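Here is a short tour of the model you are about to open. Have the viewer ready, and we will go through it topic by topic.

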Amino acid sequence: MDREQKILLKEIMEVGFVLVETNLYLDIQPNDERALRLHNSYSQKYKELESLYQAKYGPLRYTEMSSYPWAYINGPWPWEINFDIP
Amino acid sequence: MWIYEKRLQYPVRVDTTNPTLAAMIIEQFGGADGELSAGIRYLTQRWTMPTNQTKALLTDIGTEELAHWEIIGTLVWKLVKDAPVDEIKGTPFEAHYVNHGKSPFPHSAAGEAWTAAYIQSKGDPIADLHEDMAAEQKARATYEWLINISDDPGVKDTLRFLREREIVHFQRFGEALMILQDELNSKKFF
């Protein structure tokens, strides 16, 4: 996995983590409009990063489209990645 | 329904091969207060939750626990993947190795296989949410003991992240419990 792919993947992980937090909070406080706005803006950002990543490196989920051949299987798999950025 | 997302929740870093540490961290892979117990517990309790808030919370925290289980498996794997057999012999990982090779397996650090007896689903939301809060605190304590015995900066960093998540989940379960109790108390039937 090259430097560029790692940087983009880590950005997806960061924005994805914001969504984990807003999701759990909103589950209990569904009427918190400020938190919901935060969630929606990061959801938008997440979708943009994901489409950028998937167009270049293949699907993160099986429901996504792929170039030929099916790129979902391409390594490294999540547990094989060295996340250090040189 | 679940869909796998082909990424970890947190970038797991391991600096040095260490089979002994792997054997200890496996506590959170298949021990009583580990991530597998947490995930199965919360996802099982969903059917009898009375409110949409608690149904959602158990679904989403339960799902996050499976992502943590994957993080722990990755820690274990990265700690042993490059270890030659000579580096495994004589360590506490040796007993694991003779049964499972280098594959993670859901058992405790002491080698007891994971069992559903570690969890409970009472069909009673107040009992279940209290169990969940206790589970989060027990997992937090386990992470603290694991951090104490780890000298690998990468491993410590990931364990600190996971410890923090236990605190956040405890907080959310506590809020859910308070809201539910208020709601149950305000419903008077004559």
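## Starting at a tryptophan

W79(A) counts as partly exposed, because it has 17 C-beta neighbours inside 10 Å. Please keep in mind that this is a predicted model.

**W79(A) and its surroundings**

- W79(A) sits in the segment after α2 of chain A.
- Which residues does W79(A) touch, not counting residues up to four places away in sequence? They are G73(B), T74(B) and W77(B).
- Within its own chain, W79(A) is 66 residues along from M13(A), and their C-alpha atoms are separated by 14 Å.

**Where the two chains meet**

- Chain A gives 17 residues to the contact between the chains, and chain B gives 22 residues.
- On the side of chain A that touches chain B, there are 11 nonpolar, 2 polar and 4 charged residues.

**The segment after α2 of chain A**

- If you check omega angles, stop at Y68(A) and P69(A): the peptide bond that joins them is cis, with omega about -10°. P69(A) belongs to the segment after α2 of chain A.
- Another cis peptide bond runs from G75(A) to P76(A), and here omega is near 0°. P76(A) is placed in the segment after α2 of chain A, and G75(A) lies in the segment after α2 of chain A as well.
- Is G75(A) buried or exposed? G75(A) is exposed, because 8 other C-beta atoms lie within 10 Å, and a residue counts as exposed with 12 or fewer.
- G75(A) and M1(A) are 74 residues apart in sequence, yet their C-alpha atoms are 8.4 Å apart in space.

**The helix pair of chain A**

- Two packed helices are described by the angle between their axes and the distance between the axes.
- In chain A, helix α1 (residues 3–28) packs with helix α2 (residues 33–57) at an angle of about 150°, and their axes are 9 Å apart.
- That angle makes α1(A) roughly antiparallel to α2(A), since angles over 145 degrees fall in that class.
- The crossing in which α1(A) passes α2(A) is left-handed.
- The residues of the contact of α1(A) with α2(A) comprise 17 nonpolar, 5 polar and 3 charged.

**Chain B as a whole**

- Chain B has 8 helices and 0 strands, so its elements run α-α-α-α-α-α-α-α from the N terminus on.
- The C-alpha trace of chain B spans about 75 × 30 × 30 Å along its principal axes.
- Chain B has 190 residues, and buried residues make up 40% of them.
- Take the contacts in chain B between residues at least 6 apart in sequence: 78% of these join residues at least 24 apart.

**α4 and α8 of chain B**

- The axes of α4(B) and α8(B) are 11 Å apart, and the two helices pack at an angle of about 170°.
- α4(B) and α8(B) are therefore roughly antiparallel to each other, and their crossing is left-handed.
- Among the residues that meet in this pair are L57(B), I61(B), H68(B) and L75(B) in α4(B), and V155(B), T158(B), L162(B) and H169(B) in α8(B).
- By class, the contact of α4(B) with α8(B) has 9 nonpolar, 5 polar and 2 charged residues.

**The largest nonpolar core**

- In soluble globular proteins, nonpolar side chains tend to be buried together.
- The largest nonpolar core holds 39 residues, of which A22(B), I25(B), L75(B) and V76(B) touch the most other members.
- The elements that give two or more residues to this core are α1 of chain A together with α1 (19–25), α3 (35–45), α4 (52–80), α7 (125–149) and α8 (153–186) of chain B.
- Which element gives the largest share of this core? α4(B) does, with 10 residues.
- L75(B) touches V12(B), V14(B), I25(B), V155(B) and T158(B), not counting residues up to four places away in sequence.

**T16(B), before the helices of chain B**

- T16(B) is in the segment before α1 of chain B.
- With 13 other C-beta atoms within 10 Å, T16(B) is partly exposed.
- T16(B) and K138(B) are 122 residues apart along the chain, and 28 Å separates their C-alpha atoms.

Methods
Residues are numbered from 1 along each chain as its sequence is written. Chains are lettered from A and ligands numbered from 1 in the order in which they are written. This is a predicted model: local features need pLDDT of at least 70, side-chain atom pairs count only at pLDDT 80 or more; totals for chains, interfaces and linings use all residues. Axes are lines fitted to C-alpha atoms, for helices over the stretch in contact, and angles run from 0 to 180 degrees between N-to-C directions. Helices (H or I, at least four residues) and strands (E, at least two) are DSSP runs, numbered from the N terminus. Angles under 35 degrees count as roughly parallel, over 145 as roughly antiparallel, 65 to 115 as roughly perpendicular and the rest as oblique. A crossing is left-handed if the near helix is turned anticlockwise from the far one by less than a right angle, and right-handed if clockwise. Ala, Val, Leu, Ile, Met, Phe, Trp, Tyr, Cys and Pro count as nonpolar, Asp, Glu, Lys and Arg as charged, and the others, Gly among them, as polar. Two residues are in contact if their C-beta atoms, placed from the backbone, lie within 7 Å. A nonpolar core is a set of buried Ala, Val, Leu, Ile, Met, Phe, Trp, Tyr and Cys residues joined through C-beta atoms within 7 Å. A residue is buried if 20 or more other C-beta atoms lie within 10 Å of its own, exposed if 12 or fewer, and partly exposed in between; C-beta atoms are placed from the backbone.
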